[in-house]
Amino acid sequence: MSETTVQPPRVVRVIPATIDVAKEIKEAYRQIRVAAYCRVSTNQEEQLNSYEVQKNYYAEKINSEPKWTLVDIFADKGITGTSVKKRDEFNRMIRMCKRGKIDMIITKSISRFARNTVDCLTYVRKLKDMNVDVFFEEQGIHSTQPGAEFYITIYGCIAQSESENISANVKWGKAQSAKEGNVSFHYKNFLGYRKGADGKPEIVPEEAEIIRTIYKRFLAGDSFGSIIAYLEERRILSPSGKEKWQYSTIQSILSNERYKGDVIINKTYIVDCISKKVKVNNGERTKYYVKNNHPAIIDAGTFGRVQEELARRSGKRKVKMVGTKTEQGKYSGKYALTELLVCGECGTPYRRCTWTVKGQKKIVWRCINRLDFGKKYCHTSPTIEESVLHSAIMTAIMEQAQQNVEVLKMLKLHIGMGIKADDTEDKSLDMQIRIAEIDAEFKQMLQAISSENLETYDETKMTELMYEKQSLQQQLSQIADRQQKRENAKSRLAEIVTILDGLKNHPMDYDDTLVRQILECVVVENKERIKVVFVGGLKAEQELQ
């Protein structure tokens, strides 16, 4: 009889569920928090209907899934897809993802998510790091799937290429419109004009007066700061409706050709459709000048003189010396002689100083070189009392005004030299016609080229036509410059002669505004004499009393 072996009872040990298993169980029953992102590119009614349709579609889709919970629908309208900077809803969605409020994002396609490949990949990676999946419906791609990034890159490049093609087409359309002289006028924040009943710019009388005042005060010698103080003191609002004016606003008003009725098209350009960076056009793109496009607020002569004065003030040579407190390279609107009075020995400007002599203060003018270095660079330039200087300058002006008509005629001759148009002007229309003929010939030659007749392409002829057109365009540009200079000279001539005629029988005290308008400079020759140089070249020696 065999002996039976009795096995000890087997103890089954129950191991409690680990944390990982608990997580898996919890995950199986967890609701996935889902958001949707949609975008339309314009604000047009048809597109906005599409925008509402997309929102309704995603709300219904997400709510129909039992394990999905709708977080929100993020929708941008009228915003470009090439950059996320201005997409407020997109950026709000990303912020919610960072706070752990979203598990998955659904969007129609990669092109709706972003047309910029770099942005697309950047945000997909960021979201992946936050454990947020992006599902692109059209491509059927989940961003968390293995190899998804490769496909996203390919589709992203295609989307970006589409944007670049659209941008190129828009750019071409704008270029053609510019060639035809079609002008867009942005009335918002533009002082002086409004859209008329015919759709064209019309002058706003009360705003036009502000523009004319700014031009008038600038030519009278006021600095930008003085003009701003004048406007703010009278509670005149800026183009943007603010009480405070900026220096850049005055600069823009004084240099904008639209105030004389003309328009320059393509002053700036957008570098590319991705960065959207705007650059000043310094020849990278073709510019177009449209004359007499709309009613002028400022006449051409006044506008030209303002441009000359802007260039003169910005081009003042720097003469700040060691130890001085101010710099003569900066325009001063306070005293006309700061701009006009120069040393006859060394050519350096004079500076206004307050001296104290025996306890009494007096105003004098002194050569800057002598102030800084004594007699090292300038040996004999005198110090002149302001009252003596003012008296001598006004005496010179009055004597010219009181002399016979022949002197005034001489002044007119000096200022008016070169005002008469030369014969080249008469050929400007012929030049424009020839340019149009060259363009037509270019087009005809290009249309005639095909794969079967490439040998007929006349490269020499094309090159000749190109150089001829460039030469004609340069000549037309020179003609336009000469025309503007003549307008400036005529305006200056009329004003100076009017002032001098008025002074014949109406003596007046020294006036900075008058001096700025009619004098080119005042040269201190020695302690007994100055030389007064009128605008236009007429010179008068005057003794200091």
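Tutor: We begin with confidence: this is a predicted model, and the protein averages a pLDDT of 75, with 65% of the residues scoring at least 70. Here pLDDT is the predictor's confidence in each residue, from 0 to 100.

Student: Which stretches have a pLDDT below 50?
Tutor: Residues 321-327 are one such stretch, and beyond near neighbours in sequence this stretch has eleven contacts in the model. Residues 415-421 are also below 50, with twelve contacts beyond near neighbours in sequence. Contact means heavy atoms within 4.5 Å.

Student: What conventions apply to the rest?
Tutor: Residues are numbered from 1 along each chain as its sequence is written, and side-chain values use heavy atoms, with hydrogens and water left out. As the model is predicted, local features need pLDDT of at least 70 and side-chain atom pairs count only at pLDDT 80 or more, whereas totals for chains, interfaces and linings use all residues.

Student: How many helices and strands does the protein have?
Tutor: The protein has 17 helices and 18 strands. These are DSSP runs numbered from the N terminus (helices H or I, at least four residues; strands E, at least two).

Student: And what share of the residues is buried?
Tutor: Of the 545 residues, 38% count as buried. Buried means under 20% relative accessible area, exposed over 50%, and partly exposed in between (1.4 Å probe, protein chains only).

Student: Turning to aromatics, how many pairs are there?
Tutor: A search of the whole structure finds ten aromatic pairs. Among them, phenylalanine 90 and tyrosine 123 are edge-to-face, at 5.3 Å centre to centre and 80° between the planes. Rings of Phe, Tyr and Trp (its six-membered ring) pair if their centres lie within 6.5 Å; planes under 30 degrees apart count as stacked, over 60 as edge-to-face and the rest as tilted.

Student: Where do phenylalanine 90 and tyrosine 123 sit in the chain?
Tutor: They link distant parts of the chain: phenylalanine 90 is in helix α3 (residues 88-98) and tyrosine 123 in helix α5, 33 residues apart. Tyr37, Phe90 and Tyr123 form one aromatic cluster.

Student: Why does phenylalanine 90 count as buried?
Tutor: Phenylalanine 90 counts as buried because its relative accessibility is 1%. Tyrosine 123 counts as buried at 14%.

Student: Which cavity residues come from helix α5?
Tutor: Helix α5 (residues 117-129) supplies the largest share of the lining of the largest cavity, three residues.

Student: Is asparagine 131 buried or exposed?
Tutor: Asparagine 131 is exposed, with a relative accessible area of 65%. This residue lies in the loop between α5 and β4 (133-136) and has a positive phi of about 65° although it is not a glycine. Most residues other than glycine have a negative phi.

Student: Which other asparagine has a positive phi?
Tutor: Asparagine 292 has a positive phi of about 55°, and its place is in the loop between β11 (288-290) and α10 (300-314).
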